[in-house]
Amino acid sequence: MLKHKQTQTRTYWKTLSDEELLSKELTTDDPEKLQNLVSELPEGFDDSYVEYAYDFRNSGRDELTCIHGHHRHRAGFVMRKGDTRWLVGWICAQSIYGEKFDEYTADYDAAVIRHDSLTRRRELESWILPFITWMEETNKSDIFRFYDSIRKQFQHKMPWIWQQGRAILHEALATTRFDNFFDEQTDLTKEFADAMLLTSANFAPLIGKSDLKLEVIVKAKTTLLRLIAKVEQTVDKLAQLADLFQPKELDILVRWAKEGDNPKKRTYSSDLNSITCKRGREKSRIQLPTNFRLPDRLKLDELKKRLEAI
Ligand SMILES: [Zn+2]
């Protein structure tokens, strides 16, 4: 019976769930300030576990008192049984517990490694999961469909503006801000899909993984910052659409189109979030959808701040 109990305490840390382990401290700055510290070895002392290991040998801290012979030491263990705690210097541990003390420390050492690993996983998942959620929400939204649709409408309904828009806005506003919008090659749907693939390729293998090394975390952080920068570029391009439908920009397009595009046949006008071209009785209109919403950049900003603070 006793032997069975001993085996249990020597695997105390092993029996804790991840949550339980994460809720425990595994280091202490001041073992002597701990509650319920006793100075005489209690009965059944071997039915205990290593709660903390400490090493103050390079700290210049005052020596601690060992339960075995009350001698002074700077490196040792806080042993625990029930609520009771006692300090054992690292050399004396062997005299009290003998060879089997290795089993007590092995359980503790494994717990330290597991605790670190769980902490890293928590850390990693606390950046990656919100980013993946943001990507999925953005991908599911109508934003890319709207962007493509408006571009197609310009191509078909107002080809003159489609072809001249870029040069007009260069000339009138001295800006290259709308270049992507009027560029045939632009494909934001694909651009974002590529970023989704990269996200998944980089991070899917890390989720739920328990033996994450520190290098993996550091690399993941760099990768995530790079991916955020990449999707921010895409969001900037999407934002061009909203800017293009501002009154000032629409007014410029309308004025230039009235003069430049076959004025006897076609006439242009703009209204809130829309531009209209009339040819005789035929009227075509391009309207920014009322439910047009840009992806939430604040979430990316928050994430970047957190990553940069590490
Ligand atoms: Zn001692």
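The largest nonpolar core has 25 residues, and those with the most contacts inside it are Tyr-147, Leu-241 and Leu-253. A nonpolar core is here a set of buried Ala, Val, Leu, Ile, Met, Phe, Trp, Tyr and Cys residues joined through C-beta atoms within 7 Å. At least two residues of this core come from each of α5, α6, α7, α8, α9 (247-260) and β7 (274-279). Another core, of 20 residues, lies apart from it and has Tyr-54, Leu-64, Ala-93 and Ala-111 among its members. In soluble globular proteins, nonpolar side chains tend to be buried together.

The model is predicted: local features need pLDDT of at least 70, side-chain atom pairs count only at pLDDT 80 or more, and totals for chains, interfaces and linings use all residues. Residues are numbered from 1 along each chain as its sequence is written.

A residue is called buried if 20 or more other C-beta atoms lie within 10 Å of its own, exposed if 12 or fewer, and partly exposed in between, with C-beta atoms placed from the backbone. Of the 310 residues of the chain, 23% count as buried. Two residues are in contact if their C-beta atoms, placed from the backbone, lie within 7 Å. Among contacts in the chain with a separation of 6 or more, 67% are between residues 24 or more positions apart.

**Overall form**

The chain has 10 helices and 8 strands; helices (H or I, at least four residues) and strands (E, at least two) are DSSP runs, numbered from the N terminus. Its radius of gyration is 33 Å, well over the 19 Å that the globule rule gives for 310 residues, so the chain is more spread out than a compact globule. That radius is taken over C-alpha atoms, and the globule rule is 2.2 Å times the number of residues to the power 0.38. The C-alpha trace spans about 110 × 40 × 25 Å along its principal axes.

The chain is divided into domain 1 (2-113) and domain 2 (141-309), with bounds that come from an automatic or database domain assignment. Taken over C-alpha atoms, the centres of the two domains are separated by 61 Å.

Helix α5 (residues 143-157) has 15 residues and should span 21 Å at 1.5 Å a residue, which agrees with the 21 Å between its end C-alpha atoms. The expected span of a helix is 1.5 Å times one less than its number of residues. Buried in α5 are Ile-143, Phe-144, Tyr-147 and Phe-154. Seen down the helix axis, the buried residues of α5 fall within an arc of 110°, so they line one face of the helix; the arc is that of the directions from the helix axis to the C-beta atoms. Arg-145, Ser-149, Lys-152 and His-156 are exposed on the other side of α5. The cover over the buried residues of α5 includes α4 (101-140), α6 (159-173), α7 (188-203), α8 (214-244) and β8 (282-287).

Helix α8 has 31 residues and reaches 46 Å from its first C-alpha to its last, close to the 45 Å expected at 1.5 Å a residue. Its buried residues include Ala-220, Leu-224, Val-231 and Leu-241, as well as Thr-234, Lys-237 and Gln-240. The buried residues of α8 pack against α4, α5, α7, α9 and α10 (297-309). Leaving aside neighbours within four places in sequence, Leu-241 is in contact with Tyr-147, Ile-150 and Phe-181.

**Selected residues**

| Pair | Separation in sequence | C-alpha distance |
|---|---|---|
| Arg-145 and Leu-188 | 43 residues | 9.7 Å |
| Lys-213 and Cys-277 | 64 residues | 61 Å |
| Tyr-97 and Phe-45 | 52 residues | 9.0 Å |

Arg-145 is exposed, with 11 other C-beta atoms within 10 Å. Lys-213 lies in the loop between α7 and α8 and is exposed, with 11 other C-beta atoms within 10 Å. Tyr-97, in helix α3 (residues 92-97), counts as buried with 21 C-beta neighbours inside 10 Å. Not counting residues up to four places away in sequence, Tyr-97 touches Asp-46 and Tyr-104.

Asn-36 has a positive phi of about 55° although it is not a glycine. Asn-36 is in the loop between α2 (18-22) and β1 (49-55) and counts as exposed, with 10 C-beta neighbours inside 10 Å. Ala-174, which is not a glycine either, has a positive phi of about 50°. Ala-174 is found in the loop between α6 and α7 and counts as exposed, with 8 C-beta neighbours inside 10 Å.
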